[in-house]
Amino acid sequence: QSAIFNFQSLLTVILLLICTCAYIRSLAPSLLDKNKTGLLGIFWKCARIGERKSPYVAVCCVVMAFSILFMQ
């Protein structure tokens, strides 16, 4: 099914989006900085969350990986 109907899959997709956007912004900042508003601004906001809350995002990624590998 779609990730929208499964809460754990939705959280996994959101975490992957945050981590991917933060990584892309670290490599090419101008790529995401030019789209701060509008629909593509979501990626800029995800990158900012990944940069500013990186310890919390990292802990969430570890917990999510543990739950996917050992709980299912």
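I located Leu39 in the loop between α2 (29-33) and α3 (41-52); helices are DSSP runs of H or I with at least four residues, numbered from the N terminus. The model is predicted, with local features needing pLDDT of at least 70 and side-chain atom pairs 80 or more, while totals for chains, interfaces and linings use all residues. Residues are numbered from 1 along each chain, and side-chain values use heavy atoms, without hydrogens and water.

I looked up the accessibility of Leu39: at 70% relative accessibility the residue counts as exposed (over 50%; buried is under 20%, partly exposed in between, with a 1.4 Å probe and protein chains only). Leu39 also belongs to a nonpolar surface patch with Leu17, Leu40, Ile42 and Phe43, together about 460 Å² of accessible area (Shrake-Rupley method, 1.4 Å probe). Such a patch joins nonpolar side chains within 5 Å, each residue having over 30% relative accessible area and no salt bridge (Lys or Arg side-chain nitrogen within 4 Å of an Asp or Glu carboxyl oxygen).

I then turned to the aromatic rings and found one pair (centres within 6.5 Å; planes under 30 degrees apart are stacked, over 60 edge-to-face, the rest tilted). The ring centres of Phe66 and Phe70 lie 5.1 Å apart with planes at 50°, so I recorded the pair as tilted. Both residues sit in helix α4 (residues 54-70), four residues apart, and are therefore separated by about one helical turn. Phe66 is partly exposed at 45% relative accessibility, whereas Phe70 is exposed at 58%.

Notes. Patch = residues over 30% accessible without salt bridge, like charges linked within 9 Å, V, L, I, M, F, W, Y side chains within 5 Å. Helix = DSSP H or I, 4+ residues; strand = E, 2+ residues; numbered from the N terminus. Phe/Tyr/Trp six-rings, centres within 6.5 Å; stacked < 30°, edge-to-face > 60°.
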